[in-house]
Amino acid sequence: MMKFTFFVICLLVSCNIHSKTPAIGSEPSTILYVDKHNPKYFSSIQQAIDASTHFKRVIVLISAGEYNEKLFITRNNLSLVGQSQSNTRITFPELRNNWRKNHDSDWGAAVVNINGSDINIVNLQITNHYGREHNTNEHQFAVRSFENATRITLYQCNISSDGADTLSLWNKKDGLYYHSYCSFTGATDMVCPRGTALIEHSKFFNIKQSAILWHDGELNVNQKLVVNDSEFDGVKGFWLGRHHYDAQFYLINNQFSSHMADKPIFKKTYPDKSRNKANKFGARYFFANNQNINSYSWARNNFQPTNTYLAQQTVEQWVFGDKWQPNAVLHNLAQQINKTAFATDSFSL
């Protein structure tokens, strides 16, 4: 089956067959394999991505190992699935400022660069390790998406950098993002979505006395960043969150460590008032049922989700409505992988 799949890829590429990308879930996916030690398969992840362009929906199964490469995703309906969150690693050192010296945009400044929608990244470690090699915590993207990329899922992943803006998903018009059973490590604004994001069952660790969370929801009053059933930790005095644009934060059922500073989520302003963004929706920081060892007053309960939002629906339904069902997508993905002989970490659905 694997030899046949590889033969079909070569045939279609040589014939230059093109086709439209349908909505995810509309048909079975083509499955490609990456294994650095097996000559029958692709030796790099980018090779598999490049070869996938003639297929409507693709799952790339990645064998354990360290892949020292940048990824450029310019297609829709793609799933990258590692063999295990603990031993399948994508690493690359890149400082944003260095990249921008010779490039007009951030395209290429991250380890994983995404300009497509319906992208699932599962059971992978993605690390930008520039900072530890050069002693800096300036902007270092691990994952960066662009203006039209939406419906991006990170599941059972370790996402880390040695600096700011580790996970930057930046479609502020209609971006939708779901992250579950992940860990995030970085510095200032390390998880900084634009649009709407739900993060569940995850861990955050800040290596600097700076904000973990950042949000931009200025284009729509309903855009929000929701973190549910997760853990926050870091160096002593780390901040929980901040924003420059209109933003909306919901913290539900989380654990805040004793290292968290007594510093409420806040809007960043500058002495030069021309740099400050409008805040037409007001301060919107909501807390419910969190465990805060230090009992800071600003992190106390100020809404009841079961009464207000979640009485008749799940957190996912509340956040995304009828626009997206990421857990259904993950369930379908798990079913397709289970039909192969590829051994991967089981999905915690």
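Where does UniProt place the feature "domain: Pectinesterase catalytic"? An unreviewed entry puts it at residues 40-207, though such annotations may be inferred rather than shown by experiment, with positions given in the numbering used here and feature names shortened.

This is a predicted model, where local features need pLDDT of at least 70, side-chain atom pairs count only at pLDDT 80 or more, and totals for chains, interfaces and linings use all residues. Residues are numbered from 1 along each chain as its sequence is written, and side-chain values use heavy atoms, leaving out hydrogens and water.

**View 1. The annotated stretch, residues 40-207.** Here the chain is 10% helix and 38% strand (DSSP runs numbered from the N terminus: helices H or I, at least four residues; strands E, at least two). Its end C-alpha atoms sit 41 Å apart.

**View 2. The largest nonpolar core, with 59 residues.** Core members are buried Ala, Val, Leu, Ile, Met, Phe, Trp, Tyr and Cys joined through side-chain atoms within 4.5 Å; buried means under 20% relative accessible area (1.4 Å probe, protein chains only). Leu80, Phe184 and Phe204 are among those with the most contacts inside it.

View 3. E19 pairs in the parallel sense with E16 (residues 196-200) over 4 bridges (pairing takes at least two DSSP bridges). E19 also pairs in the parallel sense with E22 (residues 249-252), over 4 bridges. Val226 is the bridge partner of Leu198 and stands opposite Tyr250 in E22.

Conventions
Buried means under 20% relative accessible area, exposed over 50%, partly exposed in between (1.4 Å probe, protein chains only).
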